[in-house]
Amino acid sequence: MINYHPNDDMLLEHAKGSLSLAMTTALSAHCELCSICQEKLTTMTQQHAHIALIEEDAAADELETSIDLDDMLNSIMLLTPSSTSERLSQSAIVTVKGHEYQLPKAFRQQVRETWNGLGKISRMRLETDSGDARASLLHIDAGGEIPEHTHQGTELTLLLAGHFEDEFNRYGPGDFILLDSDHQHTPKTEDGCLCYTVVDAPLRFTKGISKLLNPIGELIY
Amino acid sequence: MQNIQSQRSQSRYAKGYVLYNKPYMEEKNSDITTEQLKEKLISVANSRSRSDYAMLFSYFAPKILAFGHQRLSTQGLAMDLVQETMTAVWTKAHLFDADKGAVTTWIFTIMRNRCFDMLRKVQHNREDTVSDDIWPIFETAEHVEPEDHMLTNKLMKHVDELPPLQQQIVRGIYLQELSQQELASKLNVPLGTVKSRLRLGLVKLRSILEKHHD
Ligand SMILES: [Zn+2]
């Protein structure tokens, strides 16, 4: 049962295609796991398609008068229909610490690096489109925890497999957890978990001895 | 702790759900309906109708151009977006599945996805096309190859039981992998004859196969 969902504004920006790669990947993956949000997304996409392609007349009319598209039309009609769809969607599979995970389709072309890790924590850095943001797959072995930390900006965690708990809640697969910079938390996992995390600035650990671990903070997220 | 995602902020889109699920085609600005768009696209898919495609093109191209201007800033890139999107509409019309969504949704999806990949290419020099993984395009599932091969293999066990003329055509197509046109020239018979012998041969093979299953 998924308890934490992206809000409607985020879903809409995802439908429009205006989020960064890392965020839109998280939204896509959540929707693949969550039928409620998938349904909302379908409706929003229809609705926004209608706005963009039926209602947007004024701007389009203005452009239409100034540009001649006939050459393009004729060149397109010289092409023959493509006989096959380009590829079959395979899913992305990752293996870490002897566990194999099948990831949502959005990750298919994004997982390519190897895992780095320390103790119970393994991280695979993924690509982001925006400078300061960091995106990772984070695997925590059963019984593992991340030292208490805050973040300078928001921290998004999409739980892909397993469970984790922090001071406030217990989270399960598909949960989409967006936290702002005002809070601190210490996620722990009893049974181990795999998450996709996006932070828009490097994390800083806040507590005592953990301060010494700050370089590890950068390693982990 | 604040979980800052919230369901309480109802966007205008969220409020619009219910309204939107009702038929939304009260065209104010244009006299073409959703149903007509669908008919035209299906006619492009089935008969490569140039006039219907030209209709769709003149309807959608300016809107794609306007969308491209907003997102991509330059005229050249916006034109590329029109070209890529409308090319897909022409070459992939047969993949459009009317049961899965409206024509506008299909074209919007293609446009948004191409635009996302173009932006990545321009801004980050990425050549990949992640967009179709992120937003799958609804299309008809094409026939599944492995099953076809299995069926073909099963059918071919019985090819010897066909009358010689049908056997010749079926072998040519499925074993030598010749095209129907190549076979027609090779055997010096009209293309129509190749087609009808092939059809008869396959029908016969299927009935043989069914008999063997009884
Ligand atoms: Zn959801």
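A:N116 has A:R123 of β4(A) as its bridge partner. In this predicted model, local features need pLDDT of at least 70, side-chain atom pairs count only at pLDDT 80 or more, and totals for chains, interfaces and linings use all residues. Residues are numbered from 1 along each chain as its sequence is written, chains are lettered from A and ligands numbered from 1 in the order in which they are written, and side-chain values use heavy atoms, with hydrogens and water left out.

Strand β4 of chain A covers residues 121–126, and three bridges join β3(A) to β4(A). The two run antiparallel. Strands here are DSSP runs of E with at least two residues, and helices are runs of H or I with at least four, numbered from the N terminus. Two strands pair if DSSP finds at least two bridges between them.

## The sheet of chain A

Six strands make an open, antiparallel sheet in the order β3-β4-β5-β11-β7-β10. Its edge strands are β3 (116–118) and β10 (176–179), and each pairs on one side only. Neighbouring strands are turned by 25 degrees against each other on average, direction ignored. Strands of a sheet pair through backbone hydrogen bonds.

Helix α2 (residues 21–33) of chain A lies across β5 (134–140), β7 (155–162), β10 and β11 (193–199). The helix runs at about 35 degrees to β7(A). Axes are lines fitted to C-alpha atoms, for helices over the stretch in contact, and angles run from 0 to 180 degrees between N-to-C directions.

β7(A) pairs with β10(A) over four antiparallel bridges. One partner pair there is A:L158 and A:F176. Seven bridges join β7(A) to β11(A), also antiparallel; in β11(A), A:V199 is the bridge partner of A:E155. Seven of the eight residues of β7(A) are buried, so the strand is largely enclosed by the rest of the structure. Buried means under 20% relative accessible area, exposed over 50%, and partly exposed in between (1.4 Å probe, protein chains only).

A:L156 sits in β7(A). A:L156 is buried because its relative accessibility is 1%. Beyond neighbours within four places in sequence, its contacts (heavy atoms within 4.5 Å) include A:M23, A:A26, A:F176 and A:Y196.

## Two nonpolar cores

A nonpolar core is a set of buried Ala, Val, Leu, Ile, Met, Phe, Trp, Tyr and Cys residues joined through side-chain atoms within 4.5 Å. The largest has 45 residues, and B:Y53, B:F57, B:F60, B:I64, B:M86 and B:W106 have the most contacts inside it. Elements giving two or more residues come from chain A and chain B, including α3 (35–55) of chain A and α3 (50–72) of chain B. The largest share, 10 residues, is from α3(B).

B:Y53 is in contact with residues of chain A, among them A:L73, A:I76 and A:M77. In chain B, its contacts include B:V44 and B:W90. A second, separate core of 35 residues includes A:L27, A:L41, A:V94 and A:F176.

## Cysteines

The structure holds zero disulfides over all chains. A disulfide is a pair of cysteine sulfur atoms within 2.5 Å. For A:C193, the nearest cysteine sulfur is that of A:C195, 4.0 Å away.

## Confidence

The model scores ipTM 0.85 and pTM 0.72. Chain B averages a pLDDT of 78, and 77% of its residues score at least 70. pLDDT is the predictor's confidence in each residue, from 0 to 100. Over residues 1–29 of chain B the pLDDT is below 50. Where pLDDT is low, the predicted coordinates should not be read in detail.
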